[in-house]
Number of protein chains: 2
Amino acid sequence: MTKQMALGAFLYPTGHHAAAWRHPEAQADAGINFKHYAEVAQAAEAAKFDMLFLADSAGARGEDWGALARFSTHYVAQFEPLTLLGALAAVTERIGLVATASTTYNEPYTLARKFASIDHISGGRAGWNLVTSGNEGEAYNFGRDRHPPHDERYRRATEFLAVTEGLWDSWEDDAFVRDKDSGVFFDPDKVYSLDHRGEYFGVRGPLNIPRSPQGWPVLVQAGSSEAGKALAGASAEVVFTAQQTLADAQAFYRDVKARAVAAGRSPDDVKIMPGIFPVVGRTEAEAQAKFEELQNLIHPDVALSILEHRLGIPLRHLPLDGPLPTDIPVTNAAQSRQVLLLELAQREGLSILQLGLRVAGARGHWQVIGTPEQIVDKMEERFLNEGADGFNVMPPYLPGGLTDFIELVLPELRRRGLFRTEYEGRTLREHLGLKRPARHHKHTKAIDAAAEHTAAKTSAAA
Amino acid sequence: MTKQMALGAFLYPTGHHAAAWRHPEAQADAGINFKHYAEVAQAAEAAKFDMLFLADSAGARGEDWGALARFSTHYVAQFEPLTLLGALAAVTERIGLVATASTTYNEPYTLARKFASIDHISGGRAGWNLVTSGNEGEAYNFGRDRHPPHDERYRRATEFLAVTEGLWDSWEDDAFVRDKDSGVFFDPDKVYSLDHRGEYFGVRGPLNIPRSPQGWPVLVQAGSSEAGKALAGASAEVVFTAQQTLADAQAFYRDVKARAVAAGRSPDDVKIMPGIFPVVGRTEAEAQAKFEELQNLIHPDVALSILEHRLGIPLRHLPLDGPLPTDIPVTNAAQSRQVLLLELAQREGLSILQLGLRVAGARGHWQVIGTPEQIVDKMEERFLNEGADGFNVMPPYLPGGLTDFIELVLPELRRRGLFRTEYEGRTLREHLGLKRPARHHKHTKAIDAAAEHTAAKTSAAA
């Protein structure tokens, strides 16, 4: 059988285009409309997508409330993703369920528990997109005066992940015997404490939920900075990324796979899934018209505001039809995205407004406008040439942009044998061809740790 | 129309009896069996319960893993309640959905967001049972060397609640206009920052989700200590409590209602719902036999272990058929429950083992064994005499214990006009007859706060 690609459905509430909510077909209140999410998730499942994907931000993205008032996409009016993921687990049966959660503003015990819980609720379909938060404003909602610097966030993320992995390994897979006759609910020799004490966290464990169907939820990662790629190579099983050209996509792909190998993993242990923002029409002209319809709905202030936020600098004092300044400083926000944008502007000679409109359209991701054949040609090229193991599909608007992809692009992918016609597995790991991790953390048995604790107390008292 | 009582279905995974999981009909893996929870929730909804209720503990309850190995009920193998609540929201339509979350080991921004999210997903059915954590072991999972003292926990809880209320009031109810023609998604004059800086928390806000259908989720509280009752009187809308006798129930009821009035609220703004552990049979003998069947499944070690945990002191060095020691110290755990148990043992002259078996049975709650008429007589007596506005029903085992209550007790309650035959409202507030809170927090408009911030930066730079 031909190798097949993985596909994710990246569900921004109204779609990924900045003006998506203004599209005549868009569900403008999508961010808090559960029926909308359920329908879109069920459509993606009927189409056999590997997973759906929810982004997150623990606070609005941006400070300018006058500008934010024109957005639906800047986390001003959306469900919290883990509660939403729980709800979607109940109305789907096969599709993987991936949500974003930040290691900077969460506690590992809480997050490990929630993702294990969703993995149990869904029968093994959970995935965690680990982020360190690219949005500086989150800090102010969590008692901090500033967002921690990039390297500190990644240090914390690395420790956070080690703790959650340890917690997911608290119980052996067969610890719960639940023998009604003997009255033994679990085998006390098969539960382990963690007793972690590190730079950022102190966590005793064990986690108070059995090891989940997938062992660990699938670990997803999306940072493309040096620190992000290091973490991805060492630990991630799926990597989302924004890559504009085949050459860039290949460089990124080979880089992360090499890091995985250097970390003692197989290249197949990590799946590289760049984002794709597809605008599809039965003809090229129809596709282009669909795109123009959306672009025409973008207010220039919105384009500028998105670009300012992406670059982390003010731009509205500059001529909008002129070029970007050449001396843009590297910020503490998402460094990799910043560099990509600067390269894009230079490569295509875009003005500030043109770059703003481009970013507002596909939000810095790989934008492909055309017929199903044209789009599949480009996907296939990357897929067959070490540019991608699959794609995270970013529908321009919902549900129409997803429906177009399902009805027009998927048949062409299937005609070429590049995408499944039916699920073969039950879990997200099975869909993606990822191994179920064996318990490998070596903790003290909880029953021994407790006995030691008691012995120490007794001896201190004597 | 006669005044009618409120009913909650308090869903411990296998039921409330300590040996419930060993019952022949019990679903032993209930704690991680979503189908089980969905069926039980749907049965409670079909029976028109006001709400279902999920308890929580961020860690196993207890340290003795040898003893814990015999329990299903000590938070060793259960779904995390907020992800479960999200899932249950998707498979129910009318019943209220209440989950417990601790103010000691969470952040207010995160929790406010999750409960608002569940209120949106469920169309206005969410409730939050605010606890400060009675389980000392949770501390070790969150980087603490000890569980904070009782008064400190309640100080933090009070500030936590004020912050969450403020965050739920971030947006005016009609802030989101979503006008596709003009491109205005929300009215920037209708969003408010919080700018809270207190003893425990610094939270800028606004919350990044619209004001939810109920305005605020229903606020539930269960602490019966002095500090717990103070918080309940000032803020709670539903109070769960364990009361053994009519006189105690009345004293508690009048106390909390008086505190509500002293805080400027109406007595109807807070509903008192004691727990009831009903064992129902068509005859008294049948009920008693059902209870004995369960009691006989309790291992003495389990009874002792539960009692030790409840009282916070070791007991296994004492003769099990002798009385409790008279000099039990007040601990930092759940003080009110401790006092209730000591009074119960004294009143009925129970030995350590007898008290242990009693606690293991109904877990310190009001245990009523008998025919439907006998049980309804007792419920009616409390309901009509300022002992209760309703009850939190604690089925001894699931699903049988809930089915018995629905099939045998509810018809008798309805015959006397004491419980609804159909939902009249859509939201949990409507079921309970609670007002939807008007926005009353006076924050700075976010757009003004941001402008001030910018002005300050500009003037500092000049």
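This is a predicted model: local features need pLDDT of at least 70, side-chain atom pairs count only at pLDDT 80 or more; totals for chains, interfaces and linings use all residues.
Good morning, colleagues. Let me begin with how the chains are related. A rotation of 180°, with 0.0 Å of shift along its axis, brings chain B onto chain A at an RMSD of 0.0 Å. That is the relation of a two-fold axis. If you wish to locate the axis in chain B, please look for A87(B): its C-alpha is the nearest to the axis in that chain, at 1.9 Å.

I turn now to the backbone. As background, most peptide bonds are trans, and most residues other than glycine have a negative phi. Both chains contain an exception of the first kind. In chain A, the peptide bond from L398(A) to P399(A) is cis, with omega near -5°. In chain B, the bond from L398(B) to P399(B) is cis as well, with omega near 0°. P399(A) sits in the loop that runs between β11 (390-393) and α13 (400-415) of chain A. P399(B) is found in the loop between β11 (390-393) and α13 (400-415) of chain B.

K48(B) is not a glycine, yet its phi is positive, at about 70°. This lysine belongs to the loop between α1 (34-46) and β2 (51-54) of chain B. Is K48(B) buried or exposed? Its relative accessible area is 15%, and a residue counts as buried under 20%, so K48(B) is buried.

E386(B) is another residue other than glycine with a positive phi, here near 55°. Its place is the loop between α12 (372-384) and β11 of chain B. With a relative accessibility of 39%, E386(B) counts as partly exposed.

Finally, the interior. In soluble globular proteins, nonpolar side chains tend to be buried together. The largest nonpolar core here has 155 residues. Which of its members touch the most other members? They are L7(A), F49(A) and L413(A), together with L7(B), F49(B) and L413(B).

Let us take L413(B) as an example. Setting aside neighbours within four places in sequence, L413(B) is in contact with M5(B), L7(B), V376(B), M379(B), F405(B), L418(B) and F419(B). One of these partners, L7(B), is itself among the core members that touch the most others.

Thank you for your attention.

Conventions. Residues are numbered from 1 along each chain as its sequence is written. Chains are lettered from A and ligands numbered from 1 in the order in which they are written. Side-chain values use heavy atoms; hydrogens and water are left out. Copies are superposed by least squares on the C-alpha atoms of residues with pLDDT of at least 70 in both. Helices (H or I, at least four residues) and strands (E, at least two) are DSSP runs, numbered from the N terminus. Buried means under 20% relative accessible area, exposed over 50%, partly exposed in between (1.4 Å probe, protein chains only). A nonpolar core is a set of buried Ala, Val, Leu, Ile, Met, Phe, Trp, Tyr and Cys residues joined through side-chain atoms within 4.5 Å. Contact means heavy atoms within 4.5 Å.
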